[in-house]
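Good morning, colleagues. Please look at the structure first.

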Amino acid sequence: MSDQDTAGLRARLVQAGVDLLTEEGVQALSLREIARRAGVSHGAPRRHFPTHLSLLSAIARQGFADLADKVAADIDGHRTDPRAQLMALGRGYLDFALAHRGMFELMFRHDLLESNQLGLRETSLPLFQILVDLVSRVQPRSDVPPPVVAGALWSNLHGIAQLWRWGSLQLATGTDDVEPLLRAALDAHLGPAGR
């Protein structure tokens, strides 16, 4: 099999996994079903991905790449205002979580992933660095290091995304508008806007 054939089959397996994840969720991601959808024997994935976790990691890598593209596009329109970029990043993160439920779940299930394999860290960590850089620009002097503030903010955004997906926040807050929650998260971690 040529390198081009190998790359093509790897890409087909990943795409079959992405499609299966979109349609049926994380619980459906068996090697056998991914192989069936890719039109290959159930043993074929093992020739390209040594473990089930490595195939899941490759699928998650695609999710991180898609999220990175979305974040870049979302924050690009606010280049001179890092706080507006953070708000756009938060909105984009929530939109991605709602539009790609299965992928969003897989991307953060490190019990199912091999984060040191297949460039997964090289795809996911730059996203966190964007958050750190924006936090640094909004809050340049703080006794708490920007990566710690960014980690707390990310945790808050992830919680909002997860609870919003489940309908819990709408029920608890009585609102169908997520914007006040996103603003409150930024204010809680970075101080009120314009201070």
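The C-alpha centres of domain 1 and domain 2 lie 27 Å apart. The bounds, from an automatic or database domain assignment, are 1–50 for domain 1 and 52–190 for domain 2. To the contact, defined as heavy atoms within 4.5 Å, domain 1 gives 15 residues and domain 2 gives 13 residues.

A word on the basis: this is a predicted model, in which local features need pLDDT of at least 70 and side-chain atom pairs count only at pLDDT 80 or more, while totals for chains, interfaces and linings use all residues. Residues are numbered from 1 along each chain as its sequence is written, and side-chain values use heavy atoms, with hydrogens and water left out.

How much area do the domains bury between them? The figure is about 1200 Å², with 80% of it on carbon and sulfur atoms; buried area is the accessible area (1.4 Å probe) that two parts lose on being put together, summed over both. On the side of domain 1, Leu21, Val26 and Phe49 lose the most area to domain 2, together 40% of what that side buries.

Finally, the class make-up: the side of domain 1 that touches domain 2 has 11 nonpolar residues (Ala, Val, Leu, Ile, Met, Phe, Trp, Tyr, Cys and Pro), two charged (Asp, Glu, Lys and Arg) and two polar (the others, Gly among them).
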